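Thank you all for making time this morning. Please have the sequence and the structure open while I talk, and I will go through them part by part.

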Amino acid sequence: MRSLIFLGILSLALARKTFFGDQVLTVHPKNEAQVQAIKNLDTKVDFWSPDSPAGISVGSSADIRIPSEILPAVKVALRRQKIEFEVMIEDVESLVGEQFKSAQGRGILDGTTAYDYEKYHTYDEINDWTNAIAAENPTMVQRTVLGQSTEGRDIPMLTLSSGQSASNPEILVDCGIHAREWVSPAFCQWFVRQLLDEPNNVRISEATYHIIPSINVDGYAYTWTNDRMWRKTRSKNGLCYGVDPNRNWDAGFGGEGSSSSSCAETYHGPYAESEPEVKAVADFMRANKDNVKLYVTYHSYGQMILYPYSYTYDLAANTDELDFYAVQGKNAIQSVHNKRYIYGPGAVTIYPAAGGSDDFAYDTGIKLSYTIELRDKGVYGFTLPESQIQATCEETDAFMQVMHNAVVSPTYQA
Ligand SMILES: [Zn+2]
């Protein structure tokens, strides 16, 4: 048995892509020529933040993973253009390897008592966990399957409520739209446990929480087995695999900040909601828009609180309200571990990104809608160590508490 498990781990380890000698560079373009030079770097470079070359602008910095085989040439090109840069991550594989390490030797889930919320978990573990936590808390947790992914995986959702009143406001939280942003599903799992462990289950007695721990289940599974840096879904379109599931919503679909090239990391897909993962959640939003008062979608990284719009520079009708809670939320986050978040409308604060879930939720009628970019701000990026999961979740919970108080307030009108 032991050797079988070992073989399983070995084959997993051998199958996945490695990142030995890859570096993440932070570049600082000072003029338009330097921006262009960065956009024209080898097509094999991987934009971490911003998530595509389109988001690069004068005076802002960008984190880019450079595969080892082109690293010397890229550094020469940057120096030739006099583009300032520093090394953010010396060796990507060493940090990726750390993230996989604690998964080795984990057995089959036997209830949630021993479930470690400060570790990253595979899709199968998360799915088993949703079943277990619902079975253990039959009066407070209901598990539903929103739909199936392209590769046939279930997309589970947990609905938490206690002593429910039918008039309680509902809150929708999702994680893991982008596959490689591992701290996001980690938060959704931690947050479910937090709501259940709370004395008197205060929050779930005042509001009904719908929590989707991982939307992009195929992409997430693929980050564990094949490519830790995979971002998109796993549908096949033209030459390449994957649609950016945060460009595939019917909100300014196909507009600025999304790509029509199927090989691009921000490919919007052949049509809005072409991805079954997106359609499943969009259908849920449409069906529940009158009761859902708050939508929060979790990404990483960059430490940001963004609200509509991202598909246009126009401001949302209730911008003052969205901004008011963003400021409160940012302050609440900072009060926990002194992490600073920036905030504002997506397009204005970072760059336009058409077809995103927060804009779709908002236009569908959910008037409080936020995209959160979790830790960090360019130290580990997607390779955030497991040792930071706990603190990340604690400060994020403070944000959720602010938003909870807003929507359950008797004077709140949405
Ligand atoms: Zn993301």
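Predicted model: local features only at pLDDT ≥ 70, side-chain atom pairs only at ≥ 80, totals over all residues.

I begin with R234, which is buried because 23 other C-beta atoms lie within 10 Å; a residue counts as buried if 20 or more other C-beta atoms lie within 10 Å of its own, as exposed if 12 or fewer do, and as partly exposed in between, with C-beta atoms placed from the backbone. Residues are numbered from 1 along each chain as its sequence is written.

R234 sits in the loop between α8 (217-225) and β9 (236-237), where helices (H or I, at least four residues) and strands (E, at least two) are DSSP runs, numbered from the N terminus. Which residues does R234 touch, once neighbours within four places in sequence are left aside? They are T150, E151, D218, G219, Y222, Y241 and G242, and contact here requires that the C-beta atoms of two residues, placed from the backbone, lie within 7 Å. G219 is 15 residues away from R234 along the chain, yet their C-alpha atoms are separated by 5.9 Å.

Y241, one of the contacts of R234, belongs to strand β10 (residues 240-241). With 19 C-beta neighbours inside 10 Å, Y241 counts as partly exposed. Not counting residues up to four places away in sequence, Y241 touches R234 and K236, and its C-alpha atom is 9.9 Å from that of E265, 24 residues apart along the chain.

**The two domains**

The chain is divided into domain 1 (21-90) and domain 2 (123-408), with bounds that come from an automatic or database domain assignment. Taken over C-alpha atoms, the centres of domain 1 and domain 2 are 28 Å apart. The contact takes 15 residues from domain 1 and 13 residues from domain 2. On the side of domain 1 that touches domain 2, the elements giving two or more residues are β1 (23-28), β2, β3 and β4, and β2 gives the most, with four residues. By class, that side of domain 1 has seven nonpolar, four polar and four charged residues; Ala, Val, Leu, Ile, Met, Phe, Trp, Tyr, Cys and Pro count as nonpolar, Asp, Glu, Lys and Arg as charged, and the others, Gly among them, as polar.

**The four-stranded sheet**

Four strands form an open sheet in the order β2-β3-β1-β4, with antiparallel pairing, and two strands pair if DSSP finds at least two bridges between them. β2 (46-49) and β4 (84-89) stand at the edges with a single partner strand each, so one side of each is left without a neighbour in the sheet.

Strand β3 (residues 62-66) runs antiparallel to β2 and is joined to it by three bridges; F47 has I64 as its bridge partner in β3, and S49 stands opposite D63. Five bridges join β1 to β3, again antiparallel, and V24 stands opposite R65 in β3.

Is β3 enclosed or open? Five of the five residues of β3 are buried, so β3 is largely enclosed by the rest of the structure. In a regular strand the side chains alternate between the two faces of the sheet. In β3, A62, I64 and I66 on one side and D63 and R65 on the other are all buried, which leaves both faces covered.

Strand β7 (residues 170-175) and strand β8 (residues 208-212) run parallel and are joined by five bridges, with Y209 in β8 as the bridge partner of I171.
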